[in-house]
Amino acid sequence: MNQESDASNLNNSTIPLEAVASYPFPGMAIPGAFAFSPDDRLITYLYSSEGSLARQLFAFDLENGRQFQLLADEGDSEESLSPEEKLRRERMRQREVGITSFAWSPRTEQLLIPLRGEICVKDDPSAPLRTVVENSGTPALDPRFSPDGKRIAYVQDSELYVVPSAGGEGRQLTSGARGTGKSNGLAEYAAQEEMDRRRGYWWSPDSSWLAFAEVDETHIPVYRIMHQGKENTGGAAQEDHRYPFAGQANAKVRLGVLPAAGGKPVWMDLGEDEDFYLARVNWLPDGRLTAQRLNREQSRLDLLVFDPKTGQSDILLQECSDVWINLHTMFRPLKDGRFIWASERTGFQHLYLYENDGSLLCPLTSGEWMVDALVGVDSQTERIYFTGSRETATECHLYGVNFDGSGLKQISTAPGMHQIIMDHSKQRYIDVYHALDTAPVITLRALSDGSLIRPIFDKVDPRISSLGLKPPELVS
C-alpha cells in the first residue's frame, strides 16, 4: 500500500475504537476446534451463535446437513477460574469462555468435556452430561482419554491420576510433587510458552503405560508480579512465580514411564547434561518411546528412542544448525516402523521418510518453499497430505504426495490461506479458508480433487459491512 492511499484511508477511516479493541475481531467470530467423530458421521466444533467469546458445543450431521447444539454452558468469567486454569489459558492465548475444549474417545462415541475444573463425559452425542471427576478445591487439568477409551488421565494438585471413563474412583499414579514446588504430568513454563508443548504426559498406544514429565522448579527464585490496577491488596493483587529468566537456571525435567494400573516409574536416560529442553514426546507403534531433546543454545536437536522398561536410550537422528533449530510437530510414526520427519536442513522446511533405525529413505518434498503442517497420512494408499507455500509465500494450500516422493499434487485451488482438518477415512476434509478479500469460509471437500461437498459456515459478520472497509492491496 503506497503512502498516498494509506493517508487517504486514514483520513476517511470509519473504524470505531470499540471495533479495534473488542473480541472476537470483526469477521473472526467463526466456529473452531473442529473434530470428526470416530465414525466420521458428525463434525463437532465450538461456536458462539451470538458472536461473543462464550462458546458452546455444536455438531454438523454429514448425512442430512443438520446443525444442532450438543451442549451449552453459561460460561465462567476469568475471575471465577482457579489460578492453575488462568495460567494454562494465558499460555494457550485462550480468551473464550463457556465450553473451551472437548475430545472424542478414539474408539467409542464418548465425548470428554472439561468444565470449571471438573471432568465431564457424554456417553454419546445425545446422552446427558455426567461428571466423572469433581473439582474438590483443586481443578482437574488436561484430561485425556486413553487410546482404548476406557480410562481418562488427568493432573490434579501436581500429581497424575487415572479414572475409568465409565466413572469410579480416581487412582493417583505419581507422588512426591504435591506441595514441594515440583509437578508430575504438567508441561513447565518454557515448554508451554516457548516450545508449544502443552502436554506433560502421554498414553502408550496400547493404553497400558503413561510417560510423564517430572518438573522441578525449586531451585528457581520466586518472582512477584503486582497487579496495580486491582482494587484488592495483598495476595489477591499479586502473583508469585518461579520464572526462568534468560541466562539463568531453567526447570529440571525428568521423563518417566509407569503402568496405567499403578506402580513405580522407570526414568528414561536423557543424558548427563541437565540443562536441556524436553521439546516433544511420542510413543512408537512397537511400544518404544521417543523424545526430542533440544540443547540450551537451541542449535542441536536429538531424537532419542527409549526402551520404556529399562530407560536405556539411543539417538535415532540428530539435527544441527549454526543459528537455531525451529521446533515442529511433523514427526509421524508409521505402523510398519518407518516414520515421517520434517527438517530445515536445506534452508526450507521439508518432509522426509526414515527407516525405523533412523536411516534416511528419501525426501518427500523439496525446493525453495516451505511445508507448514502435516495434516494426514494414508498408510493404505501410501500417500501423505500437508499444507505449504509451494506456489507463493503469501498463500497456504493443501497438497498430497506419495511415500516415495512422487505424485506431488496441489488439492486446494482458491487463492489464499487454507487450514485443513482431515477425516479418519482420508476421504474428506474441512477447509477453513480466508483471503485478503474474503472473510473466513468453512466447507467440506473431497480429498481426491478438492471439490465442494457442502458448505458448513459462510455467515458474513455484519460488523464488516458496517465498517465500510475495502480489502488491503499488496503492491511491489
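Select D269, E272, D273 and E297: together they form a patch of negative charge on the surface. A patch takes residues with over 30% relative accessible area and no salt bridge, with like charges joined within 9 Å and nonpolar side chains (Val, Leu, Ile, Met, Phe, Trp, Tyr) within 5 Å. Asp and Glu count as negative and Lys and Arg as positive, while His and the chain ends are not counted. Each charge is placed at CG of Asp, CD of Glu, NZ of Lys or CZ of Arg.

This is a predicted model, in which local features need pLDDT of at least 70 and side-chain atom pairs count only at pLDDT 80 or more, while totals for chains, interfaces and linings use all residues. Residues are numbered from 1 along each chain as its sequence is written, and side-chain values use heavy atoms, with hydrogens and water left out.

Stay on D269, which lies in the loop between β20 (266-267) and β21 (276-283). Strands (E, at least two residues) and helices (H or I, at least four) are DSSP runs numbered from the N terminus. D269 is partly exposed because its relative accessibility is 41%; buried means under 20% relative accessible area, exposed over 50%, and partly exposed in between (1.4 Å probe, protein chains only). The areas come from the Shrake-Rupley method.

Next, select E274 and K252. Their side chains meet in a salt bridge, 3.9 Å from N to O; the term means a side-chain nitrogen of Lys or Arg within 4 Å of a carboxyl oxygen of Asp or Glu. The pair links distant parts of the chain, 22 residues apart: E274 sits in the loop between β20 and β21, and K252 in strand β19 (residues 252-259). E274 counts as exposed because its relative accessible area is 52%, whereas K252, at 37%, is partly exposed.

Move to R41 and D61. This salt bridge has its closest N and O atoms 3.6 Å apart. It too joins distant parts of the chain, 20 residues apart, with R41 in the loop between β1 (32-36) and β2 (42-47) and D61 in strand β3 (residues 54-61). R41 is partly exposed at 28% relative accessibility, while D61 is buried at 8%.

Last, select D423 and R428, whose side chains form a salt bridge with an N to O distance of 3.4 Å. D423 is buried, at 1% relative accessibility, and R428 is partly exposed, at 21%. The structure holds 21 salt bridges.

Key: Accessible areas come from the Shrake-Rupley method with a 1.4 Å probe; for residues, only the protein chains shown count as cover.
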